[in-house]
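User: I would like to learn how to read a few features of a protein model, beginning with a pocket. Could you take me through them one at a time?

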Amino acid sequence: MATQYKYITPDEAVRFVKSGDHVFVQGSCSIPEALIAALARRGHELRGVVLYNAFALGRRVSPLCDPKFKDSFHIDSFFVSNAVRGWVNQGYATTTPRFFGQVPILFRDGTIKLDVAFINCSLPDPDGYVSLGVSADLTPSAVESAKIIIAQINPMMPFTYGDSVLHISKIDALVKVNDPLAETPDNEPTDAELAIGRHIAEHIKDGSTLQIGVGAIPNAVLHSLHSHRHLGIHTEALTDGMVDLIKSGVVDNSRKQIEPGVSVASLALGTRRLYDFIDHNRSFLFRDIAWVNDPFIISQNHDMVAINSCLEIDLSGQVCADSIGTRINSGVGGQQDFVYGSSRSIGGQSFIAMLSITSKGESKIKPILTPGAGVVTTRFQTNWVVTEYGAVNLRGKNMIERARLLISIAHPRFRESLDKAAYQMLGYAYRNWH
């Protein structure tokens with residue numbers, strides 16, 4: 001006989017939240033939106049509730065982002081995504097800079113005290129275990145640290161294994177929903193994006209272990225790897241593009257040093273196709289972001305390859321990936337962790353990839369970063385940089401060599417002006433260094 005669990009309504013569940021509480025909200029594609037909507041309905045009676053989230057892709061802008069709630073809810077995001085981006089840049093919310101993999105220690109050591117955690121879980125198995133599904137990342141540390149755990153029990157959530165599994169007895173309030181997860185479309189890469197993918201793929205050896213970021217360019221890299229063999233996955237985020245590589249046998253995880261035989265991730269971000277593929281699939285292991293993104297764990301895999309994108313880069317190799325000038329666009333995520341981890345790996349490589357120009361036709365390779373831009377990967381760590389015009393390796397290169405290499409992969413329209421800027425910055429040596 002199936003176990004009968006006591007469920008309450010979302011409005012009943014959010015009665016646990018009091019003014020001044022600190023609330024964790026699960027992220028990835030699994031924002032517990034029924035709970036957030038119910039909390040918004042209490043906005044008129046609450047004051048000073050602080051909500052923490054990380055990478056959180058919403059199906060809509062959060063209903064808490066409403067001027068009438070400016071004194072009710074204070075949103076603090078470790079990674080600014082679509083659900084709260086506008087609210088942050090209007091000055092009603094904020095972001096805490098922190099490497100994604102280092103956020104769990106803030107919860108665990110009490111630097112950030114959590115009163116309540118909102119989570120979104122799978123149906124329970126016969127033994128009473130539920131899964132955090134597509135979003136382990138920060139959630140294990142939040143569940144450990146919060147005083148009250150409120151969970152949506154959602155048949156749309158896949159059951160994944162690893163740190164994503166917890167027993168239903170640890171949950172204080174259960175809310176039954178049937179709520180679709182947010183999805184990111186798996187768009188076909190453009191010719192320019194595919195060119196970037198090919199430039200990167202030709203430097204990846206068979207047997208490498210991959211971390212691949214999120215977005216069109218990382219997806220184009222996946223499209224270019226179908227002739228490779230014995231690849232492994234140790235990544236922050238699983239995406240749709242990885243499904244075909246696994247099904248075709250290109251990814252078999254056979255040469256990894258850490259968790260061989262399984263694909264390691266901390267979250268999944270894609271379409272229903274991906275979510276169905278990972279459901280009850282023991283070839284995937286979802287781990288706490290503090291473990292997945294630990295550079296000293298990452299580095300234990302030989303031939304570790306980190307592939308990430310950015311918004312702009314200067315001629316010295318400083319990489320901005322989180323802001324457009326002073327306007328926060330996203331966050332640091334795991335880019336720096338994987339860049340550093342791959343640099344310590346035997347045979348490791350890291351790639352920063354981008355289209356050469358913005359949607360407005362401006363060069364992404366600049367003499368200096370836009371004022372206010374944040375440096376995510378320092379020039380001391382940047383390895384390969386890739387655009388549709390080629391791939392250049394800055395490892396071991398001086399400032400003059402770096403400038404020349406980066407100019408060579410800039411959009412042709414901007415190479416002359418970049419060359420003049422480089423000469424003004426670097427002086428006589430720039431023209432005469434051989």
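Analyst: The second largest pocket is lined by Leu311, Glu312, Ile324, Arg327, Thr358, Ser359, Lys360, Glu362, Lys366 and Thr370. This is a predicted model, in which local features need pLDDT of at least 70 and side-chain atom pairs count only at pLDDT 80 or more, while totals for chains, interfaces and linings use all residues. Residues are numbered from 1 along each chain as its sequence is written, and side-chain values use heavy atoms, with hydrogens and water left out.

User: How is a pocket defined, and what volume does the second largest pocket have?

Analyst: On a 1 Å grid over the protein atoms alone, a pocket is an open set of points with protein on both sides within 12 Å along at least five of seven lines, and lining residues have an atom within 4 Å of a point. A volume is the space filled by probe spheres set on the points, which are joined across faces, edges and corners, and for the second largest pocket the volume is about 290 Å³.

User: How many residues of each class are in the lining of the second largest pocket?

Analyst: Ala, Val, Leu, Ile, Met, Phe, Trp, Tyr, Cys and Pro count as nonpolar, Asp, Glu, Lys and Arg as charged, and the others, Gly among them, as polar. The lining has two nonpolar, three polar and five charged residues.

User: Is Asn219 buried or exposed, and which residues is Asn219 in contact with?

Analyst: Buried means under 20% relative accessible area and exposed over 50%, with partly exposed in between (1.4 Å probe, protein chains only). Asn219 counts as buried because its relative accessibility is 10%. Asn219 is found in helix H7 (residues 216-223), where a helix is a DSSP run of H or I of at least four residues and a strand a run of E of at least two, numbered from the N terminus. Leaving aside neighbours within four places in sequence, Asn219 is in contact (heavy atoms within 4.5 Å) with Asp186, Asn187, Pro189 and Gly241.

Notes: 1 Å grid on protein atoms, 1.4 Å probe; cavity = no way out; pocket = protein on both sides within 12 Å on 5 of 7 lines; lining within 4 Å.
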